[in-house]
Amino acid sequence: MSPSLMALSRDARLVILTGAGISAESGVRTFRDGDGLWERHRLEDVATPEAFRRDPDLVHRFYNERRRGLATAEPNAAHRALVQLESAWAGDLLVVTQNVDDLHDRAGSKHLVHMHGELLKGRCLGCRTVVAWPGDMDCDSRCPVCPTGGMRPHIVWFHELPLCLDPIYEALERCDLFVAIGTSGHVHPAAGFVEAVGPRCRTLELNLEPSRVVSAFQEGRTGRATDLVPTLVAELLS
């Protein structure tokens, strides 16, 4: 265990940020391929409010495909290790995920924030009510609360403000350990969370390869999330 982690008491306050890297090992494809495309689509065509206004049928088809793909994915050892940590930790622990899948939820995480929305939910274009939506969605889909309202995926698209930022930043300011797992450091504001912690907070990055912002962390470890996260949890609980 690193000296910084050895000094943590069991009632320390933890904030854990997770990105695409933790779900990739469950078979969930990451946002961008090496050529900058998102599952063969330009981000501008499927992941912005402008794209939805321009071609809602294409956007709905894209997210319907992702919902179907999620049905075959299962939580992995990294997701389960975080649940183990949450259940055994005496202090506050918040998992903030950039992922829109439900793998943390299915693994059993309770103190969880989906800052970029959730793939298996829909949002009414009229009253903005958010409801569970595990199946396909299209331009004829209607809100169960206000039947005249159409539906959109409950996803934070580019050019939109992430969800729950106030409680996230409050937790960051108070936390004693901030851990980023499987994040690229390209997407803001999450890439700047490491800069938002207090001066006495320990910071640790776990990643398959160093992220764009790894130099802002006190410690970085490289490897698979399914190896690194259970090892970290064992250290914290030892």
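Which residues of helix 5 are buried? In this predicted model, the buried residues of helix 5 are Leu 58, Val 59, His 60, Phe 62, Tyr 63, Asn 64, Arg 66, Arg 67 and Leu 70.

**Helix 5 and its surroundings**

Helix 5 covers residues 56-70, and its 15 residues should span 21 Å at 1.5 Å a residue; the end C-alpha atoms are 21 Å apart, which agrees with that expectation. The buried residues of this helix pack against helix 3 (43-46), helix 4 (49-54) and helix 7 (103-107), and also against strand 4 (117-124) and strand 6 (151-155).

His 60 is placed in helix 5. With a relative accessibility of 3%, His 60 counts as buried, because buried means under 20%. When residues up to four places away in sequence are not counted, His 60 touches Phe 52, Met 137, Asp 138, Cys 139, Met 151, Arg 152 and Pro 153.

An open sheet is formed by 3 strands in the order 5-4-6, with antiparallel pairing. Strand 5 (130-132) and strand 6 stand at its edges; each has a single partner strand, so one side of each is left without a neighbour in the sheet. On average, neighbouring strands of this sheet are turned by 45 degrees against each other, direction ignored. Strand 4 and strand 6 pair in the antiparallel sense over 4 bridges. Met 151, in strand 6, is the bridge partner of Cys 124; Met 151 is also among the residues that His 60 touches.

**Aromatic pairs**

The structure holds 5 aromatic pairs. Two of them are set out below.

| Pair | Centre to centre | Angle between planes | Type |
|---|---|---|---|
| Tyr 169 and Phe 193 | 5.5 Å | 85 degrees | edge-to-face |
| Phe 178 and Phe 217 | 6.0 Å | 15 degrees | stacked |

Tyr 169 counts as partly exposed at 28% relative accessibility, whereas Phe 193 is buried, with a relative accessible area of 1%.

Arg 152 lies over the face of Trp 157, at 3.8 Å from the ring centre.

Notes:
Residues are numbered from 1 along each chain as its sequence is written. This is a predicted model: local features need pLDDT of at least 70, side-chain atom pairs count only at pLDDT 80 or more; totals for chains, interfaces and linings use all residues. Side-chain values use heavy atoms; hydrogens and water are left out. Helices (H or I, at least four residues) and strands (E, at least two) are DSSP runs, numbered from the N terminus. The expected span of a helix is 1.5 Å times one less than its number of residues. Buried means under 20% relative accessible area, exposed over 50%, partly exposed in between (1.4 Å probe, protein chains only). Contact means heavy atoms within 4.5 Å. Two strands pair if DSSP finds at least two bridges between them. Axes are lines fitted to C-alpha atoms, for helices over the stretch in contact, and angles run from 0 to 180 degrees between N-to-C directions. Rings of Phe, Tyr and Trp (its six-membered ring) pair if their centres lie within 6.5 Å; planes under 30 degrees apart count as stacked, over 60 as edge-to-face and the rest as tilted. A charge sits over a ring if NZ of Lys or CZ of Arg is within 6 Å of the ring centre and within 35 degrees of the ring normal.
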